[in-house]
Amino acid sequence: MMKKNKTTNRDVVLHTATSLFLTQGYHTTSMDEIVAVSNVSKTNIYYYFKSKEELLSAILDQLIQTYNEMIYEVVSRKDQSVQERFEILLQLLTQQETDCLGGCPFITLYTQMPQGNPLFRDKVSQFFQSQITTVEMLLNEGMKKSEIQTELPARSTAQFIVSAIEGALFLQHASQDPSILENLKFTLAFLLK
């Protein structure tokens with residue numbers, strides 16, 4: 001008989017706080033509101049997370065792990081062409097929470113983080129550096145297989161792609177214009193041919 005994965009109070013608090021931080025903002029969300037929305041007692045919440053900052057840190061870790069797993073799963077599909085994996089990766093990275101304040105969970109949380117704590121900045125920076133490295137590896141693979149332009153500098157092109165995606169997510173959210181992401185996907189596909 002298999003055990004079912006039981007949702008713990010910690011999971012409920014993480015889910016609730018993530019939703020509130022992304023839609024309302026870290027600074028405007030109180031621990032009391034997290035208690036009310038999650039229906040988990042304040043004592044129980046503080047058992048798992050000693051502070052609101054510790055809760056934010058756990059949320060970042062969870063988001064980073066989730067995104068890294070999704071990105072790795074797409075990139076490691078060796079049965080698909082590099083171009084196909086890029087299209088799937090772009091789709092994945094642009095299908096983010098549209099109700100986030102900044103259009104992207106990482107931008108939203110980053111802009112609201114306590115500035116005195118470099119740990120948060122470092123976590124987000126490492127995530128994006130890892131994403132750039134992954135895109136660079138995919139570009140290099142595509143160049144070796146002559147699937148994409150070989151004259152492109154891989155590292156700076158990877159930085160451009162990640163920057164363009166993040167910028168487009170923000171602009172689409174700010175302008176409420178879904179064509180921005182569609183145009184970006186088309187432009188990147190054209191650029192890499």
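1. In this predicted model, helix 6 spans residues 105–112, and its buried residues are Pro-105, Phe-106, Thr-108, Leu-109 and Gln-112. Around the helix axis these residues cover an arc of only 160 degrees, which places them on the same side of helix 6. The elements that cover them include helix 1 (9–23), helix 4 (52–75) and helix 7 (118–144).

2. The structure holds eight aromatic pairs. In one of them, the ring centres of Tyr-67 and Phe-106 are 5.3 Å apart and the ring planes stand at 75 degrees; the pair is therefore edge-to-face, as planes over 60 degrees apart count as such. Tyr-67 and Phe-106 are both buried.

3. A further pair involves Phe-106 and Phe-128. Their ring centres lie 5.9 Å apart with the planes at 75 degrees, so this pair too is edge-to-face. Because Phe-106 lies in helix 6 and Phe-128 in helix 7, the pair ties together parts that are 22 residues apart in sequence. Phe-128 is buried, as is Phe-106. One aromatic cluster is formed by Tyr-67, Phe-106, Phe-127 and Phe-128. For a reader comparing such pairs, the distance of the centres and the angle of the planes are the two quantities that describe a pair of aromatic rings.

4. Helix 7, which is among the elements covering the buried residues of helix 6, also contains Thr-134. Thr-134 has a relative accessibility of 17% and therefore counts as buried, the limit being under 20%. When neighbours within four places in sequence are left aside, Thr-134 is in contact with Ile-71 and Val-75.

5. Helix 9 covers residues 179–192, a run of 14 residues. From its first C-alpha to its last it reaches 20 Å, close to the 20 Å expected at 1.5 Å a residue. The buried residues of helix 9 are Leu-181, Leu-184, Lys-185, Leu-188 and Leu-192. Seen down the axis, they fall within an arc of 100 degrees, so they line one face of helix 9. They pack against helix 5 (82–94), helix 7 and helix 8 (154–175). The face of helix 9 turned away from the buried side carries Phe-186 and Phe-190, which are exposed.

6. The side chain of Lys-185 is joined to that of Glu-182 by a polar contact of 3.3 Å. Leaving aside neighbours within four places in sequence, Lys-185 is in contact with Leu-90, Gln-91 and Thr-94.

7. Two further lysines are placed over aromatic rings. Lys-50 lies over the face of Tyr-47, at 5.9 Å from the ring centre. Lys-52 has its charged end over the ring of Tyr-26, 4.5 Å from the centre of that ring.

Key
Residues numbered from 1 in each chain as written. Predicted model: local features only at pLDDT ≥ 70, side-chain atom pairs only at ≥ 80, totals over all residues. Heavy atoms only, no water. Buried < 20%, exposed > 50% of the residue type's maximum accessible area, 1.4 Å probe, protein only. Helix = DSSP H or I, 4+ residues; strand = E, 2+ residues; numbered from the N terminus. Arc of directions from axis to C-beta. Contact = heavy atoms within 4.5 Å. Expected span 1.5 Å × (residues − 1). Polar contact = N/O pair within 3.5 Å; in protein donor to acceptor, adjacent residues only side chain to side chain. Phe/Tyr/Trp six-rings, centres within 6.5 Å; stacked < 30°, edge-to-face > 60°. Lys NZ or Arg CZ within 6 Å of the ring centre and 35° of its normal.
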